[in-house]
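Welcome, and please open your viewer.

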Amino acid sequence: AGTIRNKIKEAGIVGMGGAGFPTHVKISPKDPSAIDHILVNGAECEPYLTSDYRRMIEEPEKVIGGLKIMLHMFPRAKGVICIEDNKPDCIVKFRELLLPEDNIEVLELKTKYPQGAERMLIYAVTGETINSSMLPADAGCIVDNVDTVVSIYEAVAEGKPLMQRIVTVTGDGVNTPSNFRAPVGMDFQELLDAAGGLKGTVEKVISGGPMMGFAMFTLDTPITKTSSSILCLTKDEVAANEPSACINCGRCVEVCPSRIIPSRLADFAEHHNEEAFTKWEGLECVECGSCSYVCPAKRHLKQAIGAMRKIALANKKK
């Protein structure tokens, strides 16, 4: 297990779902015997993104291979490949490839956002709940994105470092939306040229998905290990709407998967009231953006809460 861990560390593997957490740290929990589930996150619940889907369809053997390597490190654990039910072809493919003695199950999940968030996934599979002060390991789980698991396989079985990833280039402002296997460090502009360039005027370019990605102000940016997609939109609907006052409708509270009160937390964030923000469980936010999406007043709830979370977490570390 030590050799495997070392290979993963030297290959520079990080969580490729977006967080970019170093994988060798994730697979070195305090108590390895307490790990009873290794979850492969194939939910990919963000709209527009299809890179994980392509990976599962084209290289399922590598996904299973990477999972077997991880199961080898945790003999008590069971492998679970979690896929949303809007990808039936992936589910069928994995079930065909798995043998009864593999100790791996393919779990069909309901298609809903944010199903692929770590906490939601752990709850959907094991019924365990974790909060911001806990790690998945506290619930006996290790959660890794499909792409990360393939990178583990390539690093351990083939000796390849993590130097490329699949990036979805899409949106109504792209001539030929496609998935590309792009080397880390490649320019966004080069990738867009490979997708036939931009179509007409593009008002917004987002790195990542529409819900959790961030807007780019230049295309002169390199692809990183966590760049899942380049999304080009011809209409910037967000900027066109001016936020107005909160009408206390409670929609943000209804959709929040963390069961917190986004409207109130955004107020605390705007007033830089860190004490109240922490007291009202602001750190529990997973920044999924559901609140901003449903808000009829078009308030930038996720952005305000996210900015305050960064400050609060940094102060907590101090």
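**First stop: the core**

Select Ile38, Leu67, Phe74, Ile81, Ile83 and Phe94: of the 36 residues in the largest nonpolar core, these touch the most other members. A nonpolar core here is a set of buried Ala, Val, Leu, Ile, Met, Phe, Trp, Tyr and Cys residues joined through side-chain atoms within 4.5 Å, and buried means under 20% relative accessible area, with exposed over 50% and partly exposed in between (1.4 Å probe, protein chains only). Next, colour α1 (2-10), β1 (37-42), α3 (51-58), α4 (60-73), β2 (78-84), α5 (88-97), β3 (104-109) and α7 (146-158), each of which supplies at least two residues of this core. The largest share, seven residues, comes from α4. Helices (H or I, at least four residues) and strands (E, at least two) are DSSP runs, numbered from the N terminus.

A word on what you are viewing: this is a predicted model, in which local features need pLDDT of at least 70 and side-chain atom pairs count only at pLDDT 80 or more, while totals for chains, interfaces and linings use all residues. Residues are numbered from 1 along each chain as its sequence is written, and side-chain values use heavy atoms, leaving out hydrogens and water.

Centre on Leu67. Leaving aside neighbours within four places in sequence, Leu67 is in contact (heavy atoms within 4.5 Å) with Ile38, Val40, Gly79, Val80, Ile81, Ile104 and Val149.

Now pick Lys62, which sits in helix α4. Is Lys62 buried or exposed? Lys62 counts as buried, because its relative accessibility is 15%. Not counting residues up to four places away in sequence, Lys62 touches Val149, Val150, Tyr153, Glu154 and Glu158.

**On to a loop**

Jump to Ala297, in the loop between α13 (290-294) and α14 (301-317). Its relative accessibility is 5%, so Ala297 counts as buried. Show Cys246 as well: Ala297 and Cys246 are 51 residues apart in sequence, yet 6.0 Å apart in space, C-alpha to C-alpha. Apart from neighbours within four places in sequence, Ala297 is in contact with Glu242, Pro243, Ser244, Ala245 and Cys246.

**Zoom out**

Finally, show the whole protein, with its 14 helices and nine strands. Along its principal axes, the C-alpha trace spans about 60 × 50 × 40 Å. Of the 318 residues, 50% count as buried. Residues 24 or more positions apart account for 71% of the contacts with a separation of 6 or more.
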